[in-house]
Amino acid sequence: MILGPTASGKTDLACRLAQRIDGEIISVDSRQCYRRINIGTAKPNTRQLNSAPHHNISLLEPEATDSVARFLRRAEAWQNEIHSRGRKVIYCGGSTLHLKALLQPLDSLPAANPDHLKQLDQRAEKEGLESLYNQLLDVDSDSAERMDGLNRHRIYRALDVWMQTGQPISSFHSQPDPPIPPEDLLVVGLSLPRQSLHRRIEQRVDRMIEDGLVNETRQLLREGYRPDQQFLQTVGYRNVIEHLNGEVSFEQMVKDIKTSTRRYAKRQITWFRRWPFIHWLDAELSPEENTQTICSKLNGPNRA
């Protein structure tokens, strides 16, 4: 498992490692699984996709609703297929809840209540999604503060569980924290100084803008996709929509994307710091150097 904050170089390292150990990569990203949103999700480029088999990339239609549980079912199926081919699995990504689900079983939660979801949808239409988020802060601040922005699906789900049970959804997370990784899994993380990470984030956002993030978003809206759909509730796309609606200038949009991405990276780092089992690598070293370190750990006596 290769994890780390956004823009730390996980994909390049995973591709190099896959070539060295005859592996296949499963993306642990809550947005790269959607088709049509390519630039803003920093999907692997053509060179990277051709260098090793990838899974969970451009799999779902934009209107599809995804969840951690659905991702986990897909990942388990891919893992079995990869092992049946005699190859190794490389999980790569930074979506924290998805990573945690791979390390420990999901807790049983009540099924979604359609009436509650309809009520929440009506309230969001009338009061705004931020109003529901503020309610979630009151009843389950832990879940709200771990959220990547105003994630409509997760806000609805957390409030639905609270409405059904009177308990925060976070109270159903009875598994130990930090989780205990399986014995056959090596977990490595990419780390770099804050200034270096911020510089990489700014460079990545600039590349996204140059590659056509605004036009990609505009085209999706022209085709009838709504700004409140799950796949567009993503850092970058949300900000572009605000710009296209005339709410912010182009320059402010770019600044907002960089600020939101830095905040997201900070939340990722805070989460990962709670996991003492991560073998940290210097992200400023080359992918080849870090691949060699990983291979040494895989072949060594203390590889988990």
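Biologist: Is Arg74 buried or exposed?

Modeller: Buried means under 20% relative accessible area, exposed over 50%, and partly exposed in between, with a 1.4 Å probe and protein chains only. Arg74 counts as buried because its relative accessibility is 16%. This is a predicted model, where local features need pLDDT of at least 70, side-chain atom pairs count only at pLDDT 80 or more, and totals for chains, interfaces and linings use all residues. Residues are numbered from 1 along each chain as its sequence is written, and side-chain values use heavy atoms, with hydrogens and water left out.

Biologist: Which residues does Arg74 touch, not counting those up to four places away in sequence?

Modeller: A contact means heavy atoms within 4.5 Å. By that rule, Arg74 touches Cys33, Asn56, Leu59, Leu60 and Asp66.

Biologist: In which helix is Arg74 found?

Modeller: Helices (H or I, at least four residues) and strands (E, at least two) are DSSP runs, numbered from the N terminus. Arg74 is in helix H3, which covers residues 68-84. The protein has 13 helices and 6 strands.

Biologist: Why is the protein called as compact as a globular protein of that length?

Modeller: The radius of gyration is taken over C-alpha atoms, and the globule rule is 2.2 Å times the number of residues to the power 0.38. For 304 residues the rule gives 19 Å, and the radius of gyration of the protein is 19 Å, so the protein is as compact as a globular protein of that length.

Biologist: What share of the residues of the protein counts as buried?

Modeller: Of the 304 residues, 47% are buried.
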